[in-house]
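Keep the structure open while you read.

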Amino acid sequence: MTNGEQAITGQAVDWDAAAASFDDEPDHGLRDPEVRRAWASRLGSWLPERASDVVDLGCGTGSLSLLAAEQGHRVTGVDRSPVMVDLARAKLAGRDAVFLVGDAAAPPVGEERFDVVLVRHLLWALPDPGRVLRHWRGLLRPGGRFVLVEGVWGTDGVGLAADRLTGLLAPLVGHVRVERLSDDELLWGKAVDDERYAVVATA
């Protein structure tokens, strides 16, 4: 997602066409070493310390998947865009990672279960986030966790507020922690004044 800077939904964008320039955004491509380190540090604090199975839904070009793999986790990435998936496969060549083309809201992973469901800037664009979260809950092993990075962007309120997301998660998990991200300029490669946050929720 493009941080919600335009009033768009995932269905309104040709993500295959957008793939070539997707990593140009500082927080997408993580090409700046400081931005990359900032995301690696945050992700390391959100993911389990032990090697775990992580499913990265709406993985795009695989930047967060790469950070997770570098931290010793086994990654399955899912994205609707075949071009994004091709870029992710190239980015993680030789890593313990598999990428699938499919609907992140209902990922094509069969009966496989994961220790972490990792999602960044996707849930806000889905028409029924509560239903999607219930489906994703079924992907988690006992004691697994959600790591959800979301926000409300711009002056028109596009996005998903933290209080709404935590309310949707409450019936599904035992513990929810919200971490504000707006004040950390390194994550975004610039100063931001909108609501950006991560939710780590343990089943």
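A charge sits over a ring if NZ of Lys or CZ of Arg is within 6 Å of the ring centre and within 35 degrees of the ring normal. Arg120 lies over the face of Trp39. Arg196 lies over the face of Trp188.

| Charge | Ring | Distance to ring centre |
|---|---|---|
| Arg120 | Trp39 | 4.6 Å |
| Arg196 | Trp188 | 4.7 Å |

This is a predicted model, where local features need pLDDT of at least 70, side-chain atom pairs count only at pLDDT 80 or more, and totals for chains, interfaces and linings use all residues. Residues are numbered from 1 along each chain as its sequence is written, and side-chain values use heavy atoms, without hydrogens and water.

Now the rings. Rings of Phe, Tyr and Trp (its six-membered ring) pair if their centres lie within 6.5 Å; planes under 30 degrees apart count as stacked, over 60 as edge-to-face and the rest as tilted. The structure holds four aromatic pairs. One of them joins Trp15 and Phe22: the centres are 6.1 Å apart and the planes at 80 degrees, so this pair is edge-to-face. Trp39 and Trp46 also pair edge-to-face, at 6.4 Å and 75 degrees. Both Trp39 and Trp46 are buried (under 20% relative accessible area; exposed is over 50%, partly exposed in between; 1.4 Å probe, protein chains only). With Trp188, they form one aromatic cluster.

What about Val117? Leaving aside neighbours within four places in sequence, Val117 is in contact (heavy atoms within 4.5 Å) with residues including Val55, Leu57, Trp136 and Phe146.
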